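Please look over the sequence and the structure below before reading on. The paragraphs that follow are meant to be read beside them.

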Amino acid sequence: MRIAISLALVAVLAAACSKKEEAAKAPEAAAPAAPAAPAAPALAAADLEGPKPGKWKMTTTLSAAPKPVTVETCVAQTSFKDMDAAKQKAGVTCSEQSYRREGADIVGHSVCTIQGGMKVITDSRISGDFTSRYTVDAKTVMDPAPTPAMKETTMKVTAERLGDC
C-alpha cells in the first residue's frame with residue numbers, strides 16, 4: 001500500500017510549472033523588439049519513462065512525519081503515463097498538470113482533487129536518472145488538510161536501485 005501511495009505521489013509530484021503567458025503588444029513605430037528566448041518545452045506524461053525495473057530502496061522524509069520511512073520494493077516497467085492512469089483509477093482528478101525539463105531535472109506542478117474533495121497542489125523537482133538513483137523534492141498544500149500539520153508539507157524521496165528482483 002505504501003508503494004502504491006508513493007508511486008501515486010511521484011506521479012502527482014512530477015507535474016510541472018504552469019506555462020507563462022505573454023500579453024501581445026500593439027506594433028509601434030519603433031524598431032521591432034528582439035525575439036524572446038524560447039521557454040523550456042512542456043513534456044507529456046507519455047514522454048517520461050519511470051524507474052528502471054528492478055529492486056529499489058526508497059527513503060521518504062515528510063515534514064509532517066516524525067522520522068523517514070525506508071522501503072525496498074520490486075518495480076515493474078512503468079512510465080509517468082502509467083502512473084497517471086493509476087492515479088485516475090484511484091479517483092484523483094487533476095485540473096492542472098504539466099511537466100518540463102529544467103537542465104537535467106524534471107520540474108512539475110499539479111492541482112488535483114482526491115476522493116472526498118480535498119484539493120492538493122504540488123510543486124516538485126526530480127533529479128538524477130531513473131536507472132540507478134533519483135531524488136524527488138516536493139512541496140504540497142492540501143485544502144482541507146487531514147490535520148493542521150499537513151496543510152503544507154515538504155517531502156523528499158531518495159531512490160536507489162539495488163539490482164534485479
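This is a predicted model: local features need pLDDT of at least 70, side-chain atom pairs count only at pLDDT 80 or more; totals for chains, interfaces and linings use all residues.

Residues are numbered from 1 along each chain as its sequence is written, and side-chain values use heavy atoms, with hydrogens and water left out.

Helices (H or I, at least four residues) and strands (E, at least two) are DSSP runs, numbered from the N terminus. Two strands pair if DSSP finds at least two bridges between them. On one side, β5 pairs with strand β4 (residues 93–102) in the antiparallel sense over 9 bridges; here Arg100 has Val107 of β5 as its bridge partner. The hairpin of β4 and β5 has 2 residues between the strands, and Gly103 in its turn has a positive phi of about 65 degrees. Strand β6 (residues 119–128) also runs antiparallel to β5, joined to it by 8 bridges, and Cys112 has Val120 of β6 as its bridge partner. In the hairpin of β5 and β6, 5 residues lie between the strands, and Gly116 in the turn has a positive phi of about 95 degrees.

Is β5 enclosed or open? Because 8 of its 9 residues are buried, β5 is largely enclosed by the rest of the structure. Buried means under 20% relative accessible area, exposed over 50%, and partly exposed in between (1.4 Å probe, protein chains only).

A nonpolar core is a set of buried Ala, Val, Leu, Ile, Met, Phe, Trp, Tyr and Cys residues joined through side-chain atoms within 4.5 Å. The largest one has 12 residues, among them Trp56, Ile106, Phe130 and Met155. Two or more residues come from each of β2, β3, β7 (133–143) and β8 (152–163), and β8 gives the most, with 3 residues.

Strand β7 also holds Thr140, which counts as buried because its relative accessibility is 12%. The side chains of Thr140 and Thr122 are joined by a polar contact of 3.4 Å. Pro144 is in the loop between β7 and β8, and the peptide bond from Asp143 to Pro144 is cis, with omega near -5 degrees.

Finally, Ala64 belongs to the loop between β2 (54–62) and β3 (69–75). With a relative accessible area of 34%, Ala64 is partly exposed. The C-alpha atoms of Ala64 and Glu152 are 8.7 Å apart, although 88 residues separate them along the chain.

Key: A polar contact is a pair of N or O atoms within 3.5 Å; within protein, one must be able to donate a hydrogen and the other to accept it, and residues adjacent in sequence count only if both atoms are side-chain atoms.
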